Structure formats: C-alpha cells, structure tokens
Amino acid sequence: MQKLIIYYSKTPFNSFIANNFQSKIISFILSLLILAIPVQAKNLKVMVFAAHPDDELIGCGGSMRKHINLGNDVRVVYLTSGEAGNLKYSKEKLAGIREKEAENGLGILGVKDFSFLRNKDGYLEANSENLIKMVELIRKYKPDIVYLPHSEEAHQDHRATYDLVTKAINKAKGNWFQEAPGKAWQVKNIFSYEIYPLQKAVNYCEDITTFMNLKDTALKEHKSQIESIAYDDLAKSIGRYRGILSNGTEYAECFQVIRIDDIFH
Ligand SMILES: [Zn+2]
C-alpha cells in the first residue's frame, strides 16, 4: 500500500491526500481555494451524473446533502434506469421500481430535481446521440460543479458515463458545437466519485460524518438492489475506510479532482 500524506484544514471541505511533492503543492493551492467556500458557496448549481439509480448515493450522497445545507441547487441525471440490476423482475417492471426508489432516496436526501435519460442498462454508449443530449443538458442547467463516476470504475456503464460527461463538458464550453442548442457554458469544478473498486487516484476527501445516517437511510430505499447485494453496508464501509484515512474523521467520501477553478473568489 502506498504511504499516504494527509493534509487537514478545519473547513467543511477538509482533507487532502497526496503521495508526492507535486500533489502537495496542488493540495495546498486547492486548500486555499476551498477555504472560501463557506462564505461564498451559496447559489451554486451542482449536477450529479449517475449511470444507475443508487450510484449517486453511494458515490457522493453525503456531499450532495452538504451542498444542500450550503444553499446549493442539486440536480441528478440518471443515464439508465438500472433495469438490469436484478433477475427477479422483468426489465420493464424493474425500470419503474428503480425510478421510484431513486425518487424516494433523493427525497430523503432533499434533492427535488432529477431526470432519467433511459439508456439501455449494461449497454451505455458514449455515442454522438448521447453526447448531444448531455451537452444540451449542461448548457441548459449551467452547473458550477459536476460530479461523475471515476474513469476507472469496474462497471462499463460507469466508465461510459465518465466518457460522455467529460466529452460533453468539453463540447459545451465552446461556440463551435452547434448540434446542441444553448449558449456555451464552462463547467469550472469537476469531481469523480468512487463506487467499485476503491480508487487509487483520489486526491480530495470530504467529511460526511454528519450525513452518514441520512445517506444510509436514503440508500435503503433501493430495496430491489439491497435485497441481493448489501450496497448500504458497502457504502458505509467505504465511508468508514475513507474516514479513517482522512485524518481520522468518522466517515468520508473521496474524489479525484478533475478540475477546480476560482469561482469561489
Ligand atoms: Zn452503477
């Protein structure tokens, strides 16, 4: 296991993990930027992309609630409805069940805005049709912060979501992508979250101790999944593992910072 050097500051966004000198410098600069968040972070728009219902809760449910408490708008976009997540029901039936579970889970967390793009679960493609849809959504909603699955997730739909969203963010910022309507929009802060496996390339951890119970309660709404695999226990275990390594907080969520900008100044 790599030796982790941990940086800690008493802010809501409070710890950084780095393993070389360059990361130390980056972490120090990030910590200066993040210090300003508690006073300046109101009215930010947060957009969370998930391949399947429940991914967003496992990956960044605690951070989503933290954003809500800071007065930010949080919106979730599901790329599929997760209809391949169980053999007990037909795909058509399971899609409906999982959309309802997603709505219930988000309701507990306090998220009111969400949408389903209803791609085929298990076959998500970073194709041009999906790309245009995503650029349109980004230009329409104009998020300041985007959360998306990590690039090295095991599930192909998670990786396809990463590909689609990062490409869409890149296309959305220019005046040259006429296929999607709306004005150019630059997303200034991008964080990728982990579900499976635990990611090596994380450089930012968020203390979610206060929100772990709420995250757990929201996740338990995904009954069609938990009845076969204990994703609630998994999320708690990841949180505890990350918490212990993030300078001893009880629970944490860790991310790879893909981009962070000076919107907080
Ligand atoms: Zn998933």
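Helices and strands here are DSSP runs, numbered from the N terminus. With that settled, I opened my notebook on this predicted model.

**Entry 1: a loop with a cis bond**

I started at Pro197, which sits in the loop between strand 7 (189-193) and strand 8 (204-207). I looked up the peptide bond leading from Tyr196 into Pro197 and found it to be cis, with omega near -5°. That was worth a note, because most peptide bonds are trans.

Next I went through the backbone angles. Most residues other than glycine have a negative phi, so I wrote down the exceptions I came across.

Arg118 is one of them: its phi is positive, about 55°, and it is not a glycine. I placed Arg118 in strand 5 (residues 113-119). Arg118 has 13 C-beta neighbours inside 10 Å, so it counts as partly exposed.

Lys142 is also not a glycine, and its phi is positive at about 55°. I found Lys142 in the loop between helix 5 and strand 6 (145-149). Because 14 other C-beta atoms lie within 10 Å, Lys142 is partly exposed.

**Entry 2: the core**

Then I turned to the inside. In soluble globular proteins, nonpolar side chains tend to be buried together. I looked up the largest nonpolar core in this model and found that it has 57 residues. Which residues have the most contacts inside it? My list reads Val48, Phe49, Val146, Val165 and Ala168. Helix 6 (residues 156-172) gives the most to this core, with 7 residues.

Setting aside its neighbours within four places in sequence, I noted contacts of Val48 with Glu56, Cys60, Met64, Val74, Val76 and Tyr147.

**Entry 3: helix 5 against helix 6**

Helix 6 made me curious about its partner, helix 5 (residues 128-141). How do they pack? Their axes are 8 Å apart, at an angle of about 60°, and the two helices are therefore oblique to each other. I also noted that helix 5 passes helix 6 in a right-handed crossing.

Last, I listed who meets whom. From helix 5 come Asn130, Leu131, Met134, Val135, Ile138 and Arg139; from helix 6 come Leu164, Val165, Lys167, Ala168, Ile169, Lys171 and Ala172. I sorted the residues of this contact into 9 nonpolar, 1 polar and 3 charged. Val165 and Ala168 were already on my core list, and here they are again in the contact with helix 5.

How values were computed. Residues numbered from 1 in each chain as written. Predicted model: local features only at pLDDT ≥ 70, side-chain atom pairs only at ≥ 80, totals over all residues. Core = buried A, V, L, I, M, F, W, Y, C linked by C-beta atoms within 7 Å. Buried ≥ 20, exposed ≤ 12 C-beta atoms within 10 Å, placed from the backbone. Helix = DSSP H or I, 4+ residues; strand = E, 2+ residues; numbered from the N terminus. Contact = placed C-beta atoms within 7 Å. Axes fitted to C-alpha atoms, helices over the stretch in contact; angles between N-to-C directions. Parallel < 35°, antiparallel > 145°, perpendicular 65-115°, else oblique. Left-handed = near helix turned anticlockwise from the far one by under 90°. Nonpolar A, V, L, I, M, F, W, Y, C, P; charged D, E, K, R; others polar.
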